[in-house]
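Here are my notes on the aromatic side chains, for you to check as you click through the model.

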Amino acid sequence: MPLSKDTKYIKSINGKVSVIGMGTWGLGGGFWSPDYSNDEGWVKVLRRGIELGMTLIDTAEMYGGGHAEELVGRAIRGFPREELFIVTKVWPTHSKYNDAIKSARASRERLGTYIDLYLLHWPATDVPICETMKAFERLIDDGVVRFVGLSNFDVEGIERARQCFSKYDIAAVENRYSLLHRVDEASVIPYVQRNGMLYLAYTPLEKGEFANNEFLRSIGRKYGKSAIQVVLNWYIGIDNLVSIPKAGRLEHVEENAGAMGWRLNKEDWDAISNHFRRA
């Protein structure tokens, strides 16, 4: 099956990414703890998502203690590498200069390929941000990563990080965002849009919260789509934003992919936005 081409152009990477990605938290284990019980199943799910056009994959060294990265590395084999966009993250306790370089190289080894986007997972409390950003510049120079960014940062933190660079810049920000968690609409998302960056929205489905929402179902009936597909399509309507729902089960990945290739009309998009703003 050919890859879907429902994509968004992002200025900061001078390229396109899929309008919906796949998150891997919980695949291959939890917080620094690997789980090998369903490796074949998880790889199958990820490969199916890629086949359906969700070619941006988000992972982290912390997920399963690196095992999620290994699963991503297995899943992407045989697919055109230039059509994929692989995101991974360094944990703040590894954010000192030498540690960040070591972590990125270990992630590259587990993935079996270069890293498209490397993020600082959370702000570090005891490491100056410029020390980490200098390491990130070195990683770009060395060809380990193509672009760098931040996760769980506010605008003030993004600005501080950007001041550290001599040659490069922050290309992306990944924060929690959903119809029920819209704090970033006040500052971070507009900032990212103004600067042509990529915004990755994690926990966009609020762990299934939207699945049985009758309001979303009523909109979905107009399009022959589920409530989940309506929510994911709503995110597509936000410039520079790519949601990364978890790719845990085959049926979920296939449902998520059904949110691509069409668009809510403006009236329905606005109705959803207003409905959940009141909620």
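1. R81 sits over the face of Y114, 3.9 Å from the ring centre. A charge counts as over a ring if NZ of Lys or CZ of Arg is within 6 Å of the ring centre and within 35 degrees of the ring normal.

2. Before going on: this is a predicted model, with local features needing pLDDT of at least 70 and side-chain atom pairs pLDDT 80 or more, while totals for chains, interfaces and linings use all residues. Residues are numbered from 1 along each chain as its sequence is written, and side-chain values use heavy atoms, leaving out hydrogens and water.

3. The aromatic pairs number 11, where rings of Phe, Tyr and Trp (its six-membered ring) pair if their centres lie within 6.5 Å, and planes under 30 degrees apart are stacked, over 60 edge-to-face and the rest tilted. Y177 and Y235 have ring centres 6.1 Å apart and planes at 65 degrees, so they are edge-to-face. This pair links distant parts of the chain, 58 residues apart: Y177 is in the loop between β8 (170–176) and α6 (188–194), Y235 in helix α8 (residues 227–236). Helices (H or I, at least four residues) and strands (E, at least two) are DSSP runs, numbered from the N terminus.

4. Both Y177 and Y235 are buried, meaning under 20% relative accessible area (1.4 Å probe, protein chains only). Ring pairs also join them with Y199, W234 and W269 in a cluster.

5. Helix α8 also holds Q229, which is buried at 11% relative accessible area. Beyond its neighbours within four places in sequence, Q229 contacts (heavy atoms within 4.5 Å) E255, G258, A259 and W262.

How values were computed:
Buried < 20%, exposed > 50% of the residue type's maximum accessible area, 1.4 Å probe, protein only.
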